[in-house]
Amino acid sequence: MNLNYLDFEQPIAELEAKIEELRFMGNDSELNLSDEIATLQEKSKSLTDSIFKSLKPWQIAQLARHPLRPYTLDYIEHMFTGFEELHGDRAYADDHPIVGGLARLDDIPVMIIGHQKGRDTAEKVKRNFGMPRPEGYRKALRLMKMAERFRLPILTFIDTPGAYPGLGAEERGQSEAIARNLLEMAELKVPIICTVIGEGGSGGALAIGVGDRINMLQYSTYSVISPEGCASILWKSAEKSPEAAEAMGITSDRLKDLGLIDNIIEEPTGGAHRDHAKIAKTLKISLKETLELLMEIPLDRLLENRYEKFLEFGNFQEE
Amino acid sequence: MSSENVSSWFRKLLPSISTDGASKKTVPEGLWEKCPSCSAVLYRVELEKNLEVCPKCDHHLRITARKRLEAFFDDDSMKEIAEKIKPVDALKFKDSKKYKDRLIAAQKASGEKDALITFQGHVNGVNLVAAAFDFRFMGGSMGSVVGEKFIRAAKVSLEKDIPLVCFSSSGGARMQEALFSLMQMAKTSAILGRLRKRGIPYISIMTDPTMGGVSASLAMLGDINVAEPNALVGFAGPRVIEQTVREKLPEGFQRSEFLLEHGAIDMIIPRHQMRDRISNILSMLKKPI
């Protein structure tokens, strides 16, 4: 089993392995296998298309957490120039599950803030598996306030299983750190665009997720609790995660229909991890378009729109 | 007389009262209640009169939202805000039970339409708006109705230029409303920003328990953060933390006294002093109207 493929992608993995084998044989002998290889490649593409056309929310949750999926620093590398990372909350520590700094989006200087996961074991530990502690959220707030002072638009990249549930995090006020960001982001006097690039895990995601526009990558997820958490509480069994994912509606298309997000960024065939450069290009075009639009809106109007947007979220009856 | 004898003698006298948890339900409803802290068997009527505070050990038991606010406000001064707002099941959410059925059951059990009630009234003559969570209603979880009622209450504060007080008691966000419930955190926090800008005081009073999304939004954003004694307040639940760090949590972790020690709250106020202390604070922040 190829570990870079998820379980529902195994038929694709098998085809790709066969193609690889034929290529190897072709190199090795006088046989011309290029026609056969082309046929198989065509087949692999159409198989991928058909599998990805009818993905279930639980499968999308797997894609959103794919170990090769681009993370914030990957997008920074592909989309921006002149990145200068800024560190620390000035009070306690520099929390590595959140990165931030100054960069240019073509000619526009911006402040970038994003969750950061790690790819190998050492990096995963350093990034605390993408789960920020209060000092991470306070660093984010410090950078956002700085962006406001220097009139820099803010771009956030959301990708976290959630805020870290640990002793120290509680002692240092995890709840307060998240709550404060929600309040402050609602009134920051610069345009804010938030993009869910992988996992949008609950309050830990929302803490850098209040903005003028909320984007989601096609195969990212955004939810109040992980499918596993929801399943183990409501179904009393983590095995019911697929059901929980379905019930909560955690996918970009469902959340767009519900009016909870503004924009879906289409991913390359097979998911963002198959082509980092391509997804970065698509996202960059979208961010630039949106940013130019937001920068045209008078500040008072922008802030009033943002406030109204969040105040209107909810379903209820009044008689 | 050994303690065993005492209990067997007691059991004979009052066959329905037992110290083991399994037969707890056989206590005739509304007559006796055991204090979960000191195990004293208390007369229900007395406990109610004492605002659900154990007269023996001062343990604060949970109190319903309505009783809490009735005790908080001056007599006959209360006017309910947004009482007609009701929950809907927009996602047609179903786990082992339908959300719709859970709502009906919670409404029946609590007599409330959802987990938050909101009032305007006077406390020792101070005109204010107060909201209270009802933990009996699906664990006081925050869904769309809680968020909407909270902002309606805050809007009355803004219109009338009077302080806002919120008693929270909640397990966090309401999973059955999925991302809509998460967004209530942003919604309630956004309006608190408006109160700040206008210089209208907001006092948050955290009662047992105040966790998750409620703690990480409206509950921690008070100009003054207050907790009742020994309330469990935090972001992640103790069980989740224990599973993550794989160690036993220290005694008193995430309790009010722990929060005070770590600088998260301004003070702990016992329930009996709540009216006087809150109205005293507000009278210094804002002239009584």
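Across all chains, the structure holds 43 salt bridges, a salt bridge being a side-chain nitrogen of Lys or Arg within 4 Å of a carboxyl oxygen of Asp or Glu. This is a predicted model, in which local features need pLDDT of at least 70 and side-chain atom pairs count only at pLDDT 80 or more, while totals for chains, interfaces and linings use all residues. Residues are numbered from 1 along each chain as its sequence is written, chains are lettered from A and ligands numbered from 1 in the order in which they are written, and side-chain values use heavy atoms, with hydrogens and water left out.

Begin by selecting Glu176(A) and Arg180(A), whose side chains meet in a salt bridge at 2.8 Å, N to O. Because these two residues are 4 apart in helix α8 of chain A, about one helical turn separates Glu176(A) from Arg180(A); helices here are DSSP runs of H or I with at least four residues, strands are runs of E with at least two, and both are numbered from the N terminus.

Next, show both chains together and select the residues in contact (heavy atoms within 4.5 Å), which are 47 residues of chain A and 56 residues of chain B. The area buried between the two chains, that is, the accessible area (1.4 Å probe) that two parts lose on being put together, summed over both, is about 4,800 Å², and carbon and sulfur atoms give 70% of it. Of the area that chain A buries against chain B, Leu167(A), Leu234(A) and Asn315(A) supply 14%, more than any other three residues.

Staying between chain A and chain B, look for the 4 salt bridges counted there. To see a salt bridge between the chains, select Lys86(B) and Glu319(A), whose closest N and O atoms are 3.1 Å apart. Helix α8 (residues 174-187) of chain A gives the largest share of the side of chain A that touches chain B, namely 10 residues.

Now select strand β9 (residues 316-318) of chain A with strand β4 (residues 85-87) of chain B, which pair in the antiparallel sense over 3 bridges, where pairing requires that DSSP finds at least two bridges between two strands. Within this pairing, Phe316(A) stands opposite Pro87(B).

Move on to the rings of Phe72(B) and Phe167(B), whose centres are 5.0 Å apart and whose planes stand at 85°, so the pair is edge-to-face. Rings of Phe, Tyr and Trp (its six-membered ring) pair if their centres lie within 6.5 Å, with planes under 30 degrees apart counted as stacked, over 60 as edge-to-face and the rest as tilted.

Finally, two backbone details in chain B can be selected in turn. A cis peptide bond, with omega about -15°, joins Asp208(B) and Pro209(B), and Pro209(B) is placed in strand β8 (residues 202-211). Ala178(B), although not a glycine, has a positive phi of about 40°, and Ala178(B) is found in helix α6 (residues 178-198).
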